[in-house]
Amino acid sequence: MITCSQATRQLWEYLDATADEATRQAIEEHLARCRVCCGELEFAGELRRFLASSAGDQVPDGVLRRFNETLEELGP
Amino acid sequence: MSVSLVDAETVDDAADQAERFRTLAREQLPRLYSIARRLVGRDAEDAVQDCLLKAFQRFRQLREAAAGPAWLTSILINCCRDRGRAIGRSPQQVELDEIEEFSLFRKIAYEDPFPYSDSLHLDFLDEFGSEDVRAVVMELPLLYRIPVVLVYMDGYLAREVANMLDVPLGTVLARLHRGRKLFEKQLWDYADTHDLLRKAAR
């Protein structure tokens, strides 16, 4: 069985579904027996949601006006 | 065919091109600006302006309208790279080895900053406002910040980012991995230096 450090190193790849089949199986086998790594996995998921939910910036009015001026000046 | 007719067609075509570019750009501006803010902070306006000019010059290279948003994003990333080189400190090799082993999950469990909580990991994340998150992301070296922002904040696939940056998928995955680890470590350091945890525990 893989070690905790091997498992945690690939948890995000596992969540992102970019891990290959053999890695997936090894991680799942490890998770079935290791509560600490289950906690790691859960937290990795929370951290992902945390990053995804951090709000983007609105374009300030003045900046938007200058972008539109640039666009109007383009072309023939 | 008379010369004047060809000229007229060319002018028409160019006007049409410019109009199509304006439509695409206007629709994508909010997204481009938001990505640029995360990648280069205060230089975002300049990076987007660079992007608009460059993209318009190359607009004929865009073959499929559906690819427009990703095409604009890849141009924006290059403009951000040109502007953002100075931002973000590159970690030393020693630090990187240390970072490979860092686990924010275990660090929080071990330091136990919220002794009476049964959801201390969520409590930890709750201490961060959007300004704090932005500050932590800006501390990542640009090399790692680009894939982290595009994949985890803007929802691109690692494969799409590899195409935009013109590097192999494995390179993007390796940078994502290291970027995440650095981000975890910097979240902890930021909470520590900005007293987020002590304030919360009071």
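Modeller: Before we start, pLDDT is the predictor's confidence in each residue, from 0 to 100. This is a predicted model: local features need pLDDT of at least 70, side-chain atom pairs count only at pLDDT 80 or more, and totals for chains, interfaces and linings use all residues. Residues are numbered from 1 along each chain as its sequence is written, with chains lettered from A and ligands numbered from 1 in the order in which they are written.

Colleague: Where in chain B is confidence lowest, and where highest?

Modeller: Lowest in helix H11 (residues 196-201) of chain B, at a mean of 67. H2(B) is highest, at 96. Helices here are DSSP runs (H or I, at least four residues), numbered from the N terminus.

Colleague: And what is the mean pLDDT of chain B?

Modeller: It is 86, and 87% of chain B's residues reach 70 or more.

Colleague: Now the interface. How many residues of chain B are in contact with chain A?

Modeller: 31, against 25 residues of chain A. Contact means C-beta atoms, placed from the backbone, within 7 Å.

Colleague: Which helix of chain B gives the most to that side?

Modeller: H1(B), with 13 residues.

Colleague: New topic. What domains does chain B have?

Modeller: Domain 1 (3-84) and domain 2 (93-201). The bounds come from an automatic or database domain assignment. Their centres, taken over C-alpha atoms, are 31 Å apart.

Colleague: How many residues of domain 1 of chain B are in contact with domain 2?

Modeller: 10, meeting 12 residues of domain 2 of chain B. On the domain 1 side, H3(B) gives the most, with 6 residues.

How values were computed: Contact = placed C-beta atoms within 7 Å. Helix = DSSP H or I, 4+ residues; strand = E, 2+ residues; numbered from the N terminus.
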